[in-house]
Amino acid sequence: MYELFFEEFNKKVPITAEEQEQIKHYLTPKKLRRKQYLLQEGDVCKFIAFVEKGALRAYSVDENFTENIIQFGLEGWTISDLYSFLTEEPAVYNIDALEDSELVLISKSAHEEMLQTIPKYETYTRLNITGAYLAMQRRITTIISSTAEERYQDFINLYPHIAQRVPQHMIASYIGLTPETLSRIRKKLSSGK
Amino acid sequence: MITKQTITIVGASGSMGTAISSSLSRGNYRLLLCGSELAEVQKVVDAVKYSIAAAEVEALDCTLDACWEADIIVLAVPFAEMQEVADRIREVVNQKVVISLANPLDDATDTPATGVVAELQKLLPYTKAVRVSANPFTDAKPKEVIIAGDDEEALETVSELVSTAGFRPVVADAGAPDTASEPEV
Ligand SMILES: NC(=O)c1ccc[n+]([C@@H]2O[C@H](COP(=O)([O-])OP(=O)(O)OC[C@H]3O[C@@H](n4cnc5c(N)ncnc54)[C@H](OP(=O)(O)O)[C@@H]3O)[C@@H](O)[C@H]2O)c1
């Protein structure tokens with residue numbers, strides 16, 4: 001139920017069995033079925049979700065009802081509307097499950113309490129947020145300055161396992177292309193080989 | 001709240017369980033119903049769907065799985081059964097709101113000295129324990145329902161739930177008697 005969570009935690013910050021037990025009390029185990037929402041736009045995001053099993057995505061919906069995928073969450077990753085979580089403003093993202101999933105949720109109140117009482121959790125949080133910041137900067141740079149083809153190849157290189165698991169139109173959405181453009185690029189790349 | 005919350009009701013085919021299931025099915029909730037006999041629970045599901053076709057309600061055989069999926073858990077079982085249920089669901093209800101409808105007086109045996117909330121909290125230490133009971137001292141309409149517990153956020157969540165069910169929520173003062181001496185309605 002928490003195996004992967006603590007495996008990843010220990011990679012970032014090694015903890016003792018007692019500390020693990022202490023942290024465990026603050027965690028919320030939660031199962032989500034495919035297509036169910038973890039969060040809908042307009043609600044305040046009250047948790048950070050760690051994916052033990054399954055796959056989720058975070059996306060916004062524009063005025064043409066097009067879904068724009070912001071982030072995927074696969075095993076070992078965290079997913080959330082961090083902006084909403086930290087500011088307590090209504091979320092602008094929706095988060096739903098692409099597959100039946102098992103999550104470990106950290107609620108805002110549990111998060112605050114652990115930051116106060118468990119120094120290693122604070123370190124863990126710092127490393128997580130640093131990682132999220134780096135990923136975001138990289139993503140912005142790619143979107144601003146890369147060609148469509150570069151964006152796709154970047155994605156495949158960085159996340160080969162996602163490419164195998166989610167439908168092409170979602171990958172297109174994530175890298176900011178129409179499904180048609182992505183399909184053309186894929187054809188071009190495979191014929192070029 | 002816009003995001004649909006999942007509520008698991010344990011003991012859904014009992015008289016309280018049936019009533020709660022049908023009144024909550026009006027709200028923006030997904031209901032998972034459990035009980036000792038799946039066929040009995042399925043009857044409740046069918047009845048709820050018969051009156052509200054759009055209701056998202058389902059009978060589940062495995063109480064553990066149902067509570068693992070849940071955001072909120074309602075224990076509609078007698079006070080004396082709380083321990084048995086708690087033992088079965090303990091590992092999947094951490095940090096969740098757990099509501100007891102138990103009225104120990106009614107159930108006669110083993111009345112606790114400390115009250116239902118304290119008892120539930122002792123059984124499930126890392127949950128947000130809340131007790132919901134009808135206020136026997138008023139005939140007000142809609143009916144008043146007393147909500148007792150220690151966690152502010154949980155009390156808010158349960159108040160919303162009680163309003164959805166068509167009752168008037170009244171949050172008990174912290175430290176007010178939540179004891180077995182409360183008369184039954
Ligand atoms: N009825 C009221 O007006 C009222 C009002 C306020 C409070 N309450 C309180 O609410 C509680 C429930 O009352 P009730 O009238 O609804 O009783 P009930 O009709 O006997 O229902 C109890 C339900 O719990 C199930 N159950 C019992 N033990 C279980 C276990 N270990 N695991 C899973 N399910 C179990 C029973 O299933 P099986 O029958 O299949 O075993 C039954 O469906 C009591 O504490 C009562 O004092 C009742």
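In which helix of chain A does Ser173(A) lie? In this predicted model, Ser173(A) belongs to helix H8, which covers residues 168–174 of chain A. Its relative accessible area is 15%. Buried means under 20%, so Ser173(A) counts as buried. Beyond its neighbours within four places in sequence, Ser173(A) is in contact with Glu67(A), Asn68(A) and Ile69(A).

Chain A also holds an open sheet of four strands. The strand order is E1-E8-E3-E6, and the pairing is antiparallel. Strand E1 (28–32) and strand E6 (78–79) form the edges, each pairing on one side only. Strands of a sheet pair through backbone hydrogen bonds, in either a parallel or an antiparallel manner. Strand E3 spans residues 47–53 of chain A, and strand E8 spans residues 101–107 of chain A. Six bridges join these two antiparallel strands. Within this pairing, Ile48(A) has Ile106(A) in E8(A) as its bridge partner.

Two helices of chain A meet strands E3 and E8. Helix H1 (residues 3–12) packs on the sheet and touches both E3 and E8 of chain A. The direction of helix H1 makes about 110° with that of E3(A). Helix H4 (residues 108–117) lies across E3 and E8 of chain A. Helix H4 runs at about 60° to E8(A).

Leu39(A) sits in strand E2, residues 37–39 of chain A. The relative accessible area of Leu39(A) is 1%. This value falls under the 20% cut-off for burial, so Leu39(A) is buried. Leu39(A) and Leu134(A) are 95 residues apart in sequence. Their C-alpha atoms lie 24 Å apart in space.

Database records annotate a domain in each chain. For chain A, an unreviewed UniProt entry lists residues 15–115 as "domain: Cyclic nucleotide-binding". This span of chain A is 22% helix and 43% strand. The end C-alpha atoms of residues 15–115 lie 15 Å apart. For chain B, an unreviewed UniProt entry lists residues 6–104 as "domain: Pyrroline-5-carboxylate reductase catalytic N-terminal". Residues 6–104 of chain B are 40% helix and 23% strand. The end C-alpha atoms of that chain B span are 27 Å apart.

Note on methods:
Residues numbered from 1 in each chain as written. Chains lettered and ligands numbered in written order. Predicted model: local features only at pLDDT ≥ 70, side-chain atom pairs only at ≥ 80, totals over all residues. Heavy atoms only, no water. Buried < 20%, exposed > 50% of the residue type's maximum accessible area, 1.4 Å probe, protein only. Contact = heavy atoms within 4.5 Å. Pairing = 2+ DSSP bridges. Axes fitted to C-alpha atoms, helices over the stretch in contact; angles between N-to-C directions. UniProt positions renumbered as here; feature names shortened; annotations may be inferred.
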